[in-house]
Amino acid sequence: MSRCLADRSIDHVVLERGEVANSWKNERWDSLRLLTPNWQSRLPGYGYEGDDPDGFRTMPETIDFLECYAEVISAPVQTDTTVTSVRSVDDGYLVATTQGDWQCRTVVIASGACNVARVPAVAEALPSSIATFTPMDYRNPDQLAPGGVLVVGASASGTQIAAEIHRSGRPVTLALGEHIRVPRVYRGRDIEWWMDAAGVLDEFYTEVDNIDRVRGVPSLQLAGSDDRHTVDLNSLTDVGVKLLGRLAGINDGKAQFSGALRNLCEMSDLKMNRLLDTIDEWETENPFDEEVPPPHRFEPTRVEASPPLGMNLNSGEIQTIVWATGFRPDHSWLDVPVFDRKGRIRHDGGVVEAAGMYLMGIPFLRRRKSSLIDGAGDDARDLSAHLAAYLDGAAPRPASDPASDDTASAAF
Ligand SMILES: Cc1cc2nc3c(=O)[nH]c(=O)nc-3n(C[C@H](O)[C@H](O)[C@H](O)COP(=O)(O)OP(=O)(O)OC[C@H]3O[C@@H](n4cnc5c(N)ncnc54)[C@H](O)[C@@H]3O)c2cc1C
């Protein structure tokens, strides 16, 4: 957004409570690598120029990438500046920070979608002998006591952390709810390549039936690694991870799990096959390479016929629980009445229901890729066009109208 505002000569400042790339520096586990290939982190005027476009950045590489970008575009970042409140005032907003106040006509909220780890209410009934972590405070298996580990949640974070803890020699049980299975590689290409080429990631928020539901779906079950292996439930059961259904409750130290494990996995397999159908149809209509292997399907997820429905958490079998149950943004500092019943900011494709206020980086904000690094550029181009028109006093274009590439001379 800073780059797009600079392109339009719009005076702005970027307020950051920590440092550039703060979330990657302080809120991720040590072994994490991006699950998006190097070529895919395309930012306005900046992309990957190394010799491994299909590789996956480590955390130090990701931090370096973002720090270089901030430098290359001379982003006016003011670090160590926490925004403590944003209030409406005449003709704009008063932004209070730990380093003084700012007054401005427009505000772009780009404080992230993953500020707080979601932990289900059942956690309150956990026996105190069990240590708990979330993906935000888990760093590596050395932090954990010896003994069994229950990982709750089987999306990108849960499956990766379960695999790593299992490799450390601890028995791992994975309790899972809705999850989205995808192969890392399909027909010789990365799944992200297919989704990008087939336009799946560009799907627009006005094109989906139930945008509220789609904005709540979990992340793809994907991991980045040198050998490009798929981390799915079959790969985890192959090495000895036990699968259970959704953690439904904890009573007197007894955890109860839903019996719908098979249904959940069948649903996930079905959705994966639908995505592969879309990719195959696209490839048939847009043949690009005779060498591309033919369509095929993957083995269905293997699940026990009757997985256990209970577990005694006082027996000592489980020493640690990792809550990999998703994340949520923290907008507690926003003192403008723009929240819906569920505490989410009301917006239309990032144009917030408060004049001159914009939102970035939220799942499916404008496109399926909106919460990826790769999605920020297109969203910022659209929203900066809207913001510029607002500042000019022109009637801003509808939020659902993507900006043309010719942003500087776009007329509204
Ligand atoms: C575990 C994990 C793995 C991921 N892997 C990938 C991946 O492989 N590829 C990919 O494209 N995306 C990935 N993502 C999504 C990724 O977070 C986004 O793509 C990207 O970080 C979004 O950037 P952002 O600037 O919107 O949010 P963030 O990176 O969260 O940045 C928000 C910034 O706002 C600051 N901030 C928050 N509140 C305040 C405040 N009150 N005052 C001042 N500053 C504040 C924070 O310190 C932070 O630096 C992953 C996310 C997680 C959680």
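Predicted model: local features only at pLDDT ≥ 70, side-chain atom pairs only at ≥ 80, totals over all residues.
How many of the residues of strand S9 are buried, where buried denotes a relative accessible area under 20%, exposed over 50% and partly exposed the range in between (1.4 Å probe, protein chains only)? Residues are numbered from 1 along each chain as its sequence is written, and side-chain values rest on heavy atoms, with hydrogens and water left out.

For S9, 5 of the 5 residues are buried, so the strand is largely enclosed by the rest of the structure. In a regular strand the side chains alternate between the two faces of the sheet. In S9, Gly148, Leu150 and Val152 point one way, while Val149 and Val151 point the other way, and all are buried. Strands, like helices, are DSSP runs numbered from the N terminus (E, at least two residues, for strands; H or I, at least four, for helices).

S9 belongs to an open sheet of 5 strands with parallel pairing, arranged in the order S8-S19-S9-S10-S15; two strands are taken to pair if DSSP finds at least two bridges between them. Strand S8 (131–133) and strand S15 (242–244) stand at the edges with a single partner strand each, so one side of each lacks a neighbour in the sheet. Neighbouring strands of this sheet are turned by 20 degrees against each other on average, direction ignored, with axes fitted as lines to C-alpha atoms (for helices over the stretch in contact) and angles running from 0 to 180 degrees between N-to-C directions. S9 is joined to S19 by 5 bridges in the parallel sense and to S10 by 4 bridges, also parallel. Valine 152 has tryptophan 323 as its bridge partner in S19 and stands opposite alanine 175 in S10. S8 and S19 (residues 318–323) are paired in parallel over 3 bridges, and threonine 132 has isoleucine 321 as its bridge partner in S19. Helix H4 (residues 156–167) lies across S9 (148–152), S10 (172–175) and S19, and runs at about 170 degrees to S10.

A further open sheet consists of 3 strands in the order S16-S17-S18, with antiparallel pairing. Its edge strands, S16 (247–251) and S18 (310–312), each pair on one side only. S17 (residues 254–257) and S18 are connected in the antiparallel sense over 3 bridges, and lysine 254 stands opposite asparagine 312 in S18.

Polar contacts are pairs of N or O atoms within 3.5 Å. An oxygen atom of the ligand is 3.1 Å from an N or O atom in the side chain of asparagine 22, and a backbone N or O atom of isoleucine 373 lies 2.8 Å from an oxygen atom of the ligand. A polar backbone atom of valine 83 is 2.9 Å from a nitrogen atom of the ligand.

Aspartate 7 lies in helix H1 (residues 2–7) and is partly exposed, with a relative accessible area of 46%. The C-alpha atoms of aspartate 7 and serine 384 are separated by 9.6 Å, although the two residues are 377 residues apart along the chain.

Notes
Contact = heavy atoms within 4.5 Å. Polar contact = N/O pair within 3.5 Å; in protein donor to acceptor, adjacent residues only side chain to side chain.
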